[in-house]
Amino acid sequence: MLPEAEINRVLVVTAHPDDADFGSAGSVALFVDRGVEVTYLLVTDGDAGGNERTLDNTGMAELRRAEQRAAAKAVGVTDVRFLGHPDGQVVPSLELRRSIARVIRQVRPDLVVTHHPDRNYRFIAPSHPDHRAVGGATLDAVYPDARNPYAFPELLLEEGLEAWTVREVWLTGGPAPDHYVDITGVLDRKLAALQAHVSQVSHVEGFAETVKGRFAAWARQAGFEEDRYAEAFQVVPTA
């Protein structure tokens, strides 16, 4: 794994608003506290999400973008970008790969965090088709697209974006995590980020306790002491 001292920039690529907060907001808060620059890239605006249907899809998209920016602020992230693909219709297309490769070359991250591209049969919630599509497209953008100057040559020739090699990827939501981050000290900020998504979670009774239970279970699986909380990832070396 990359030593902490060699992680200076992180790009988190997700399908929807709130995905980063469920999957990695605690780890992101710890990165920010160490002075790491973190960028969020959201492929959709989440316009098909939520129970508030007095809004049309455009209104929901505007609301969810605002909620995501508030959630990012709770963990110290100020660079939040949206690609605007339709929620629920994402496919791992060449267009999507190019868009993600573009941002990788702009941000030049040491580490990328994204969805696991495989279906998780143990816990179905992370296996939304948008998640799997974004995870697969992001891995393709990491290797080979962003590092190959001959892939999407217009990124270099027209936009001046030099090739960039991401050294490591952390996948969220997969069935076999192998890296756990103790987020106990920043759990309150993770919860604040999640609760910023009012349109998605305000109606869920006992939401905070449910979330705490999920991340306490990861901590137990990691072998941490009692009363700890953890986020779980599968690490993919990509240098």
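**Note on the predicted fold and its cores**

1. In secondary structure, the protein chain has eight helices and seven strands. Its radius of gyration is 17 Å, close to the 18 Å that the globule rule gives for 239 residues, so the chain is as compact as a globular protein of that length. Along the principal axes, the C-alpha atoms of the chain fill a box of roughly 50 × 45 × 35 Å.

2. Of the 239 residues in the protein chain, 51% are buried, while the accessible surface comes to about 10800 Å², with 50% of it belonging to carbon and sulfur atoms. Among contacts with a separation of 6 or more, 79% are made by residues 24 or more positions apart.

3. The largest nonpolar core holds 38 residues, and Val 10, Val 38 and Tyr 40 are those with the most contacts inside it. Helix α1, spanning residues 19-33, gives the most to this core, contributing five residues. Apart from this core lies another, made up of 25 residues that include Val 90, Ala 141, Trp 164 and Val 169.

4. Which residues does Tyr 40 contact, leaving aside its neighbours within four places in sequence? Its partners include Val 12, Ala 20, Ala 25, Val 28, Ala 72, Val 75, Val 77 and Val 80, and Tyr 40 is also in contact with Asp 21, Gln 68, Asp 79 and Arg 81.

Key. Residues numbered from 1 in each chain as written. Predicted model: local features only at pLDDT ≥ 70, side-chain atom pairs only at ≥ 80, totals over all residues. Heavy atoms only, no water. Helix = DSSP H or I, 4+ residues; strand = E, 2+ residues; numbered from the N terminus. Rg over C-alpha atoms; globule rule 2.2 N^0.38 Å. Buried < 20%, exposed > 50% of the residue type's maximum accessible area, 1.4 Å probe, protein only. Contact = heavy atoms within 4.5 Å. Areas by Shrake-Rupley, 256 points an atom, 1.4 Å probe, with all protein chains shown as cover. Core = buried A, V, L, I, M, F, W, Y, C linked by side-chain atoms within 4.5 Å.
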